[in-house]
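Colleague: I am new to reading protein models. Could you take me through one, feature by feature?

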Amino acid sequence: RCEIGFGDVAVPAKGCMATEGKGALMAVIGDEDTVTGFLLAGVGNIDLRRKTNYLVVTDKTTTKQIEDAFKEMTAREDIAVVLISQFAADSIRYLVNEYDRPIPAVLEIPSKDKPYDATKDSVLQRVQHLMGAEDAAAAAVGR
């Protein structure tokens, strides 16, 4: 077994990957309202080392703190998805664009006060690139 149950919650056992069973976590990096909403929905977690799976980004949060949280969350084996508000992703755009592992998946989300710009979303750009490549290949085969 690759999970330990605590009531209704299943947690990956030590050495298990997030994809090996139920209980993988979501992580959130964003403004206070976004993170609070996800915490109220039950996404929050504090492990035995007192590490959280979320970061509230404020005007006082440094780029280094966002970088460190992103690196830590994408390296954790118990996290399957990292949700990051686009304004926070913009401050570490080079890291988000370099990230290419499928798990944990990194998804950019809008925030309440800042508009979402699809042209900046690295996942959407990759999908559009792949779809464009597939369309070009399909057109070449159809000739």
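Modeller: We start with the whole chain, then go to the sheet, its helices and a few residues.

Modeller: This is a predicted model, in which local features need pLDDT of at least 70, side-chain atom pairs count only at pLDDT 80 or more, and totals for chains, interfaces and linings use all residues. Residues are numbered from 1 along each chain as its sequence is written, and side-chain values use heavy atoms, with hydrogens and water left out.

Colleague: How many helices and strands are in the chain?

Modeller: Helices (H or I, at least four residues) and strands (E, at least two) are DSSP runs, numbered from the N terminus. Here the chain has 5 helices and 6 strands. Along the sequence they follow the pattern β-β-β-α-β-α-β-α-α-β-α.

Colleague: Where is confidence lowest, and where is it highest?

Modeller: pLDDT is the predictor's confidence in each residue, from 0 to 100. Where pLDDT is low, the predicted coordinates should not be read in detail. In this chain the lowest confidence is in strand β1 (residues 3-6), at a mean of 43. Helix α2 has the highest, at 95. The chain averages 79, and 77% of the residues score at least 70.

Colleague: What percentage of the residues count as buried?

Modeller: Buried means under 20% relative accessible area, exposed over 50%, and partly exposed in between (1.4 Å probe, protein chains only). Of the 143 residues here, 32% count as buried.

Colleague: Now the sheet. In which order do its strands stand?

Modeller: Strands of a sheet pair through backbone hydrogen bonds, either parallel or antiparallel. Two strands count as paired if DSSP finds at least two bridges between them. This open sheet has 4 strands in the order β4-β3-β5-β6, with parallel pairing.

Colleague: Why is one side of β4 and of β6 left without a neighbour in the sheet?

Modeller: β4 (54-56) and β6 (105-109) stand at the edges, and each has a single partner strand, so one side of each lacks a neighbour in the sheet. On average, neighbouring strands of this sheet are turned by 20 degrees against each other, direction ignored. Axes are lines fitted to C-alpha atoms, for helices over the stretch in contact, and angles run from 0 to 180 degrees between N-to-C directions.

Colleague: Which residues stand opposite each other?

Modeller: Take the pairs in turn. β3 and β4 run parallel, joined by 3 bridges, and Ile29 stands opposite Leu55 in β4. β3 and β5 pair over 5 bridges, also parallel, with Leu25 opposite Ile79 in β5. β5 (residues 79-85) and β6 are joined by 5 bridges. There, Ile84 stands opposite Glu108 in β6.

Colleague: Which strands does α1 touch?

Modeller: Contact means heavy atoms within 4.5 Å. Helix α1 packs on the sheet, touching β3 (25-30), β4, β5 and β6, and its direction makes about 160 degrees with that of β3. Helix α2 (residues 63-75) touches β3, β4, β5 and β6 too, at about 170 degrees to β3. β3 is mostly covered: 5 of its 6 residues are buried.

Colleague: What caps the N-terminal end of α1?

Modeller: Asp31 does: a side-chain oxygen lies 3.1 Å from the backbone nitrogen of Asp33. After α1 comes Gly42, whose phi is positive, near 100 degrees.

Colleague: Is Thr34 buried or exposed?

Modeller: Thr34 lies in α1 (residues 32-40). Thr34 is buried, with a relative accessible area of 12%. Beyond four places in sequence, Thr34 touches Val28, Ser85, Ile109, Pro110 and Ser111.

Colleague: Which side chains make polar contacts with Glu108?

Modeller: A polar contact is a pair of N or O atoms within 3.5 Å; within protein, one must be able to donate a hydrogen and the other to accept it, and residues adjacent in sequence count only if both atoms are side-chain atoms. Glu108 joins Gln86 at 3.4 Å and Arg93 at 2.6 Å. Glu108 lies in β6 and is buried, at 8% relative accessible area.

Colleague: And Val96: what is it in contact with?

Modeller: Val96 is found in helix α4 (residues 93-98). Leaving aside neighbours within four places in sequence, its contacts are Phe70, Ala89, Glu108, Ser122 and Arg126. Val96 is buried, with a relative accessible area of 3%.
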